[in-house]
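Here's a structure to walk through together.

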Amino acid sequence: MKLLTYQSDTGPRSAGVRDDGYVDLNRTDESLPLSLKALLGRGPEALQQAAAAIERGEAFDAEGVRLLAPIPHPEKVICIGLNYVDHAKESGSPIPDEPVTFCKFPTAVRAHEDPIELPPASDQVDYEAELVAVIGLGGKNIPESSALEHVAGYTCGHDVSARDWQKGKPGGQWLLGKTFDSFAPMGPHLVTADEVGDAGALRIQFRLNGQTMQDSSTSQLIFPVAQLVAYLSRVVTLRPGDVIFTGTPPGVGAARTPPVFLQPGDVAEVQIEKLGVLRNPVVAGK
Ligand code: ZN
């Protein structure tokens, strides 16, 4: 099942994708909540109820509908660095023996087709295609063996990164370089875990103006999703709608000779097998 959040006249609403268009969940079954975050928090039975609504509801034309990020306001945007062997190598970093973790603030979240705004404060804004896991039922100290029961689904993510703010700042802290406004596009849809199947065997690509810059597989992840969920939940309570950016494969712009950084007028595309294409134009920001 593919779920999405769209902007209606009255605010954000959730819908499902069908061949003939989108089906509004709450309009079809008023016991379903308006937001995907609330839906995910109700657990697998509510997802089945949503699936039934999508099957029987009345579809509206997808054309011209403004998508929001599947979870427009996640409570947490947790990111994993250096999680592909080859990317760690191209960054000149040792292979980590436990996950490298940082975060983005929710103000960085953007949707499919929203612009990525290049901040005047940086001239080294780089791209990173990433698989994003979306938490359904929350939890603390989740064992790895049942961790995937807490993952409602997946979406494409773009971990936009200002290298000149990520590296070489005092303390080695990555946070600010990763969390400029618009640096966390996600979408276009949330694809439920049952439809994705093995999230550790998906082709993942990044295209810049149509040219392939990254092309790998999530089978190359050093720490797969179940391990990340277990590891993170030892520290923080995971909550419905929290998102985990799982790291990027090789081919980022900073590792190229000469380096490639995003420019106004570029078109950035993250494509992940079974999850679709997340496309964002790049513009000069303020
Ligand atoms: Zn990343």
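What follows is a tour of the metal site, the pockets, the cysteines and a few spots in the backbone.

One thing to keep in mind from the start is that this is a predicted model.

Let's begin with the metal. The zinc ion has three protein donors listed for it, E128 (OE), E130 (OE) and D159 (OD), and they sit 1.9 to 2.0 Å from the ion. Along the sequence, these donors follow the spacing E-x1-E-x28-D. E128 and D159 tie together distant parts of the chain, being 31 residues apart. E128 belongs to the loop between β9 (125–126) and β10 (129–135), while D159 belongs to the loop between β11 and β12 (161–162). Are these two buried or exposed? Both E128 and D159 are buried.

Rolling a probe the size of a water molecule over the atoms shows where empty space is left. The largest pocket comes out at about 250 Å³. It is lined by 15 residues, and those closest to its centre are G43, P44, L47, V151 and A152. By type, the lining of the largest pocket splits into 8 nonpolar, 5 polar and 2 charged residues. Both domains take part here, since domain 1 (2–68) and domain 2 (77–284) each contribute at least three residues to the lining of the largest pocket.

The second largest pocket has a volume of about 180 Å³. Its lining has 21 residues, with L82, H87, S91, R163 and K167 closest to the centre. At least two lining residues come from each of β5 (77–81), α4 (85–90) and α5 (163–166). In this second largest pocket the lining divides evenly, with 7 nonpolar, 7 polar and 7 charged residues.

Now for the cysteines. How many disulfides does the structure hold? The count is 0. A disulfide needs two cysteine sulfur atoms within 2.5 Å. The sulfur of C103 has its closest cysteine sulfur in C79, 7.1 Å away, so the two are too far apart for a bond. For C156 the closest cysteine sulfur is again in C79, but at 15 Å, which is also too far for a bond.

Finally, a few backbone details. One runs from G187 to P188, with omega near 0°, and P188 lies in strand β13 (residues 184–192). The other joins T257 and P258, with omega about -10°; P258 lies in the loop between β16 (243–245) and β17.

Positive phi values also turn up in residues other than glycine. N209 has a phi near 50° and is placed in the loop between β14 (203–208) and β15 (211–217). At 47% relative accessibility, N209 is partly exposed. K274, with a phi of about 75°, sits in the loop between β17 and β18 (276–284). K274 is partly exposed as well, with a relative accessible area of 45%.

The last stop is V267, in strand β17 (residues 267–272). V267 and I116 are 151 residues apart along the chain, yet their C-alpha atoms are separated by 9.3 Å. With a relative accessibility of 31%, V267 counts as partly exposed.

Conventions. Residues numbered from 1 in each chain as written. Predicted model: local features only at pLDDT ≥ 70, side-chain atom pairs only at ≥ 80, totals over all residues. Heavy atoms only, no water. 1 Å grid on protein atoms, 1.4 Å probe; cavity = no way out; pocket = protein on both sides within 12 Å on 5 of 7 lines; lining within 4 Å. Points joined across faces, edges and corners; volume = space filled by probe spheres on them. Nonpolar A, V, L, I, M, F, W, Y, C, P; charged D, E, K, R; others polar. Domains from an automatic or database assignment. Helix = DSSP H or I, 4+ residues; strand = E, 2+ residues; numbered from the N terminus. Donors = N, O, S within 2.8 Å, 3.2 Å for Na, K, Ca; no water. Buried < 20%, exposed > 50% of the residue type's maximum accessible area, 1.4 Å probe, protein only.
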